[in-house]
Amino acid sequence: MVDQLTFAQENRERIHAVESSFGPSGKPLSQPGRVLIGEGRLRKQSRRGPQHKVFFLFNDVLVYGSIILNGRWHKRQQIIPLEDIQLEDLEDGLRMKNQWLIRTPRKSFYVAADSYEEKRAWIEHMEECRSRLLQSGSRRPGSNFAVTWIPDQASAICMRCSDKFTVTQRRHHCRKCGFVVCGTCSKKRAVIGHIHPTKWLRVCAMCHSSLSRTAAEAQEMPCQRGHGAGKVGSDEDELEGSSEEEEAEEQMEDHHPSRWMDSQTVSWSPYVYLKPEHARPQT
């Protein structure tokens, strides 16, 4: 009983510390039954290259954000329910080693750890926590996932019309296929339900045509319409919140290894597995 109370108190303090690190802009994280499993820094592939982000794994959600003030302060908090996550292990790439893909309904992205051992720890802990949630029957797995954006530097030309990018011919991303496209090829807008239920998002002309066909078919068969079919419009439609989400990525932080929580000593180590009884305290 004493061990259970000690663990519960330490867990509350750790979650409160995570909440405080995001300041007033962060959402509350304390919930009954929520346990902080581990935390660390991973390199997240953004449209302009890998960026260090802080990640916190709980038994029901994954939280990440940008790092400022040498890791003592974070911003741009993102909270992803674990049931909405799909993981895919990947081979080492030219730019990122020890990488894997995290798919979610609203955004899919590549992350990389500093070592293979850390990578395996992240993947195994995330999959274990997700499996427990789904086995409990209280959560249902996600079915629609956003595509990964192709990085800016991967293409010097529009991947639809082949026009060369310049200072005035800027790069954009189609939210449906993730291709790097020019402004002319991405004038159309569409609502993609699993990314956002109301916002008109930038899509390329080819994806706009595909979504238009899907929407027409859905109108003919309303009972078969899928949540991700979406609505389509032209460049005259209002684009709510249309700014490129990744354009404000913070500059690369200093190298810092990921760390897993040692809940017995309340210390930090480059790599420590969390014991199962700590993830599931006895009641």
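## A walk from Asn98 to the cysteines

Start by selecting Asn98: at 13% relative accessibility it counts as buried (buried is under 20% relative accessible area, exposed is over 50%, and partly exposed is in between, with a 1.4 Å probe and protein chains only). Before you go on, note that this is a predicted model, in which local features need pLDDT of at least 70 and side-chain atom pairs count only at pLDDT 80 or more, while totals for chains, interfaces and linings use all residues. Residues are numbered from 1 along each chain as its sequence is written, and side-chain values use heavy atoms, with hydrogens and water left out.

Stay on Asn98 and check its backbone: phi is positive, about 55°, although Asn98 is not a glycine. You'll find it in the loop between strand E5 (86–89) and E6; helices (H or I, at least four residues) and strands (E, at least two) are DSSP runs numbered from the N terminus.

Now jump to Ser162, another non-glycine with a positive phi, near 70°. Ser162 sits in the loop between H2 and strand E8 (172–173) and is partly exposed, at 48% relative accessibility.

Next up, the inside. Select Phe55, Leu62, Trp100 and Ile102: of the 21 residues in the largest nonpolar core, these touch the most other members. Such a core is a set of buried Ala, Val, Leu, Ile, Met, Phe, Trp, Tyr and Cys residues joined through side-chain atoms within 4.5 Å. Colour by element and you'll see that those giving two or more residues to this core include strand E2 (49–58), strand E3 (61–68) and helix H2 (116–136). H2 gives the most, with 5 residues.

Zoom in on Leu62. Beyond residues up to four places away in sequence, its contacts include Phe55, Ile80, Ile102 and Met126, a contact being heavy atoms within 4.5 Å.

Select Cys158, buried at 1% relative accessibility. How far is its sulfur from the closest cysteine sulfur? The distance is 3.7 Å, to Cys161, which is too far for a bond, since a disulfide is a pair of cysteine sulfur atoms within 2.5 Å.

Last stop: Cys182, buried at 0% relative accessible area. Cys182 is in no disulfide, and the nearest cysteine sulfur, that of Cys185, is 3.6 Å away. The structure holds 0 disulfides.
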